[in-house]
Amino acid sequence: MKLELIIAPDERLDTAVTKEWDFDNPQYDGLELKEAMIAVMVKHRGLGLSANQVGIMDARCFLFQNNQANNDYDRNVLALHPSYEVSEDHPEIGMFEGCLSFPDITLNIVRPSRIKAKWKSIDGRQWEEELYGYQARCFMHEMDHLDGISMNEHVSPKVWREAVANAEAKKS
């Protein structure tokens, strides 16, 4: 399975992926999909990658790095049926984020600092972990993608224009 990264603007990045992974009749071979997504993520030096960033519109899933895993292979998680709850007793904080589909653009985005993340693995096992820092941020960022939300929607139009202009200036 060969996948390619989708670069904005592309309507697939603005489209929610609503169809859940079908464990009884999987849309894709789960291991092949995971390996193909890892290859794209590593090639572009990412920390996460959503289905719609590689043109998968019929399986709500994403790849993220779970640093709490016991080994390097399991660190890259293909999250199926992902969801999260915000830990209310922790503050929201601003941190810089980038996105593979918006090359060279970084934005200071305010998000919850800690979440309770839930997902299923390829074998159908249910996972639930408390994530914080960049792991939590990555999980929420990829969930945004699956909901058709890009990082420009987290900042004002003025801040977005400035970030795009800065990215363009770096190219010249």
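Is Asp104 buried, partly exposed or exposed? In this predicted model, Asp104 counts as partly exposed, at 44% relative accessibility. Asp104 belongs to strand E5, which covers residues 102-112. The backbone at Asp104 has a positive phi of about 70°, although Asp104 is not a glycine.

Arg45 also has a positive phi without being a glycine; its value is about 60°. Arg45 sits in the loop between H1 and E1. Its relative accessibility is 79%, so Arg45 counts as exposed. Ala8 and Pro9 are joined by a cis peptide bond, with omega of about 0°.

Salt bridges were examined next. Side chains of opposite charge can pair when their charged atoms come close. The count comes to 10 salt bridges. One of them pairs the side chains of Arg60 and Asp147, at 2.8 Å from N to O. This pair links distant parts of the chain, 87 residues apart. Arg60 lies in the loop between strand E1 (48-50) and strand E2 (61-65). Asp147 lies in the loop between helix H3 (133-146) and helix H4 (157-171). Arg60 has a relative accessible area of 10% and is buried. Asp147 has a relative accessible area of 39% and is partly exposed.

Arg137 and Glu97 form another salt bridge, with an N to O distance of 2.8 Å. Arg137 is in helix H3 and Glu97 is in strand E4, so this pair ties together parts that are 40 residues apart in sequence. Arg137 and Glu97 are both buried. These two residues also belong to a network of salt bridges, in which Glu97, Arg111, Arg137 and Asp144 are linked.

A further salt bridge joins the side chains of Glu128 and Lys116, at 3.7 Å from N to O. Glu128 lies in strand E7 (residues 126-132) and Lys116 in strand E6 (residues 114-120), so the pair ties together parts that are 12 residues apart in sequence. Glu128 counts as partly exposed because its relative accessibility is 47%. Lys116 counts as partly exposed as well, at 30% relative accessibility.

Attention then turned to surface patches. Glu88, Asp89, Glu92 and Glu130 form a negative surface patch. Asp89 is exposed, with a relative accessible area of 65%. A patch of another kind, nonpolar, is made by Leu47, Phe96 and Tyr134. The nonpolar patch covers about 340 Å². Phe96, one of its members, lies in strand E4. At 54% relative accessibility, Phe96 counts as exposed, because the cut-off for that class is over 50%.

Two more residues were followed through their contacts. Tyr73 is placed in helix H2, which spans residues 72-75. Its relative accessibility is 39%, so Tyr73 counts as partly exposed. Residues up to four places away in sequence were not counted; beyond them, Tyr73 touches Leu31, Lys34 and Glu35.

Gly148 lies in the loop between H3 and H4. The loop between these helices also holds Asp147 of the salt bridge with Arg60. Gly148 counts as buried, because its relative accessibility of 9% is under 20%. Which residues does Gly148 contact, leaving aside its neighbours within four places in sequence? The contacts are with Leu13, Asp14, Thr15, Ala16 and Glu153. A separation between C-alpha atoms was also computed for Gly148 and Asn52. These two residues are 96 residues apart along the chain, and their C-alpha atoms are separated by 8.6 Å.

Key:
Residues are numbered from 1 along each chain as its sequence is written. This is a predicted model: local features need pLDDT of at least 70, side-chain atom pairs count only at pLDDT 80 or more; totals for chains, interfaces and linings use all residues. Side-chain values use heavy atoms; hydrogens and water are left out. Patches are made of residues with over 30% relative accessible area and no salt bridge: like charges are joined within 9 Å, nonpolar side chains (Val, Leu, Ile, Met, Phe, Trp, Tyr) within 5 Å. Accessible areas come from the Shrake-Rupley method with a 1.4 Å probe; for residues, only the protein chains shown count as cover. A salt bridge is a side-chain nitrogen of Lys or Arg within 4 Å of a carboxyl oxygen of Asp or Glu. Lys and Arg count as positive and Asp and Glu as negative; His and the chain ends are not counted. The place of a charge is taken as NZ of Lys, CZ of Arg, CG of Asp or CD of Glu. Buried means under 20% relative accessible area, exposed over 50%, partly exposed in between (1.4 Å probe, protein chains only). Helices (H or I, at least four residues) and strands (E, at least two) are DSSP runs, numbered from the N terminus. Contact means heavy atoms within 4.5 Å.
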